[in-house]
Amino acid sequence: MRKVFGILVVLTLALSAYAGDMPTGPLTKVEPKTVCMVNEMAMGKDQIPVEVDGKTYYGCCEMCKNTLAKEAGKRVAVDPVSGKEVDKAKAVIGAQEDGRVFYFESEENLNKVNALYNKK
């Protein structure tokens, strides 16, 4: 039974990764200020803060800064575990080895993704 569950987990992750909505490997928690929230990439250094309605978002350049200020849709993401919309300013953020980031409503959800990859 455990082997069947493991195969199902691997297949689910593979299909989700193909669809582009799940990480393709384990994630490292990163600070929001180091993420370009338009390009969805961990940049490794502090980004430009953008204040909107008392919340802080981050962009890597003037174009991203303007996009975050003007486009509400760029300030939210979908948690890949729960499927719920999350505000990027409040999210727990995990980065893949290649820098791509994913936003979670809780650290627990980030840990769930990492637990799946650690079982392989």
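**Pairing and burial in a predicted model**

Mentor: In this predicted model, strand β8, residues 92-95, pairs with β9 in the antiparallel sense over four bridges.

Trainee: Why do β8 and β9 count as paired strands?

Mentor: Pairing takes at least two bridges between the strands.

Trainee: What holds paired strands together in general?

Mentor: Strands of a sheet pair through backbone hydrogen bonds, in a parallel or an antiparallel way.

Trainee: Which strands make up the open sheet, and in what order?

Mentor: Three strands, in the order β1-β8-β9, with antiparallel pairing.

Trainee: Why is one side of β1 and of β9 left without a neighbour in the sheet?

Mentor: β1 (28-30) and β9 (101-104) each have a single partner strand, so they stand at the edges. Neighbouring strands of this sheet are turned by 40° against each other on average, direction ignored.

Trainee: How many helices and strands does the whole chain have?

Mentor: Three helices and nine strands. From the N terminus on, the elements run α-β-β-β-β-β-α-β-β-β-β-α.

Trainee: What makes a residue count as buried, and what percentage of the chain does so?

Mentor: A buried residue has under 20% relative accessible area. Of the 120 residues in the protein chain, 38% count as buried. The accessible surface of the chain comes to about 7,300 Å², and 55% of that belongs to carbon and sulfur atoms.

Trainee: What share of the contacts with a separation of 6 or more joins residues 24 or more positions apart?

Mentor: Such residues account for 48% of those contacts in the protein chain.

Notes
Residues numbered from 1 in each chain as written. Predicted model: local features only at pLDDT ≥ 70, side-chain atom pairs only at ≥ 80, totals over all residues. Heavy atoms only, no water. Helix = DSSP H or I, 4+ residues; strand = E, 2+ residues; numbered from the N terminus. Axes fitted to C-alpha atoms, helices over the stretch in contact; angles between N-to-C directions. Buried < 20%, exposed > 50% of the residue type's maximum accessible area, 1.4 Å probe, protein only. Contact = heavy atoms within 4.5 Å. Areas by Shrake-Rupley, 256 points an atom, 1.4 Å probe, with all protein chains shown as cover.
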